There are 2 protein chains.
Amino acid sequence: MPHVHATHPHPEDHLTSSAMLQDIVIGLSDGLTVPFALAAGLSGAVSSSALVITAGLAEIVAGSIAMGLGGYLSGRTEVEHYESELAREYREIQEVPAVEREEVRELLQEIGLSPATVEQAVQELTADSDQWVKFMMKYELGLEKPDPKQAPKSAATISLAYAIGGLIPLSAYFFTTTPDEGLLWSAVITLVCLFVFGYLKSRLTGQPPVWGALKMAGTGALAAGAAFWVARQFQPHEG
Amino acid sequence: MPHVHATHPHPEDHLTSSAMLQDIVIGLSDGLTVPFALAAGLSGAVSSSALVITAGLAEIVAGSIAMGLGGYLSGRTEVEHYESELAREYREIQEVPAVEREEVRELLQEIGLSPATVEQAVQELTADSDQWVKFMMKYELGLEKPDPKQAPKSAATISLAYAIGGLIPLSAYFFTTTPDEGLLWSAVITLVCLFVFGYLKSRLTGQPPVWGALKMAGTGALAAGAAFWVARQFQPHEG
């Protein structure tokens, strides 16, 4: 599941830890939710726990690769996109400086400076082409220079978090004998995990934690319930 | 699969169409990849096409709800986050105006203004508290005011795109009799779709299109291959 990574401009020192935490959150919450729901759905439709486990493992592998590789490739694309936009801005301040100067003027007017100060600031800002381009990249386009090393790190983190998240709901089917029993324990374990995880995640991001816990557990329960219902409708004849 | 939505500040008129397109791209590429890989994995391990279809449908429902609801809730969280940061900035310019004024000064120095212009701009900018806070939100925190209507629209788009994407690889199992046959057609149809889709996506975003097509088809093929291999190792005894 390829992700488009948000690169909000924020203080440098927060960047690494928050990007990694964000990747863990993305991977873990998806891993807990989708394999759980798939296994729950199949539990309503088949009588073999081994089948639920096989499908669950196939899903974990598929999801983990799709998310990890997808995340890596979209991270690479982000780096390429930044570089092509950078080259374009340099070209534009050469070829159409008046247009680009007007864009700087508009941005500075928008923040509430007086006409005289705007003119003075435009003069100073556009005197140096590196500074000028840097300003356009960040404040016109909202692009921060992405770290090329971020993409592989991010991919590995998301992949691993997804796989770990996915093995939690699936583990219940290893320790039980029928899909019904597996589903019961899987639901208990996973909903508790989603609740705790939603609580911690919301505390970290400064949101109301109980509400965050309920949202995450609710999403998992709804996805599992719907998958269960749909799989029942299309129940295969086994054997 | 909840997504954290990027809210790059960019020109207003591009916002709606590019956000929607981005959602379609996310949903469709994940939908084509993960259900395809899951079905491929199961095809290597079970002998009933009905079973592959049941599991595939359960996955599509689970993934579609997790992505859609996850996307909706993270969009809501983004709105709440913006509002709490906004309230905090208003509080801070009341309580610690000197600190906040210094932050404005640093940002203006960073973009390359002379000391005199910085002082003049700081004076003007901090004269009006609304303007001051607006500046801090955008230039210090990199936050743009999110549109509250965006979250439900985005959720619906991602969900639907995921479901449509997922039904494409699965459709092959409807028209064939054995999982092997299904897998063959599913792989052909899906890899062609991923290739075409990757090509178009890259053209839209200004990336090299053939490379984009290969990346997307390659991710799908790798995920499917790995899922196939893993499912084979854990092949259940049917019947």
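Which residue meets Glu102(B) in a salt bridge? The side chain of Arg105(B) does so, at 2.7 Å from N to O. This is a predicted model, in which local features need pLDDT of at least 70, side-chain atom pairs count only at pLDDT 80 or more, and totals for chains, interfaces and linings use all residues. Residues are numbered from 1 along each chain as its sequence is written, chains are lettered from A in the order in which they are written, and side-chain values use heavy atoms, without hydrogens and water.

**Salt bridges**

- Eleven salt bridges are found over all chains, each a side-chain nitrogen of Lys or Arg within 4 Å of a carboxyl oxygen of Asp or Glu.
- Arg105(B) and Glu102(B) are three residues apart in helix H3 (residues 97–110) of chain B, and therefore about one helical turn separates them; helices are DSSP runs of H or I with at least four residues.
- Arg105(B) is buried at 18% relative accessibility, whereas Glu102(B) is partly exposed at 32%; buried means under 20% relative accessible area, exposed over 50%, and partly exposed in between (1.4 Å probe, protein chains only).
- Glu85(A), Arg88(A) and Glu92(A) are joined into one network by salt bridges that share partners.

**Nonpolar cores**

- The largest nonpolar core holds 67 residues; such a core is a set of buried Ala, Val, Leu, Ile, Met, Phe, Trp, Tyr and Cys residues joined through side-chain atoms within 4.5 Å.
- Helix H2 (residues 49–95) of chain B contributes the most to this core, with twelve residues.
- Another core, of 38 residues, lies apart from it and includes Ile111(A) and Leu107(B).

Terms used. Helices (H or I, at least four residues) and strands (E, at least two) are DSSP runs, numbered from the N terminus.
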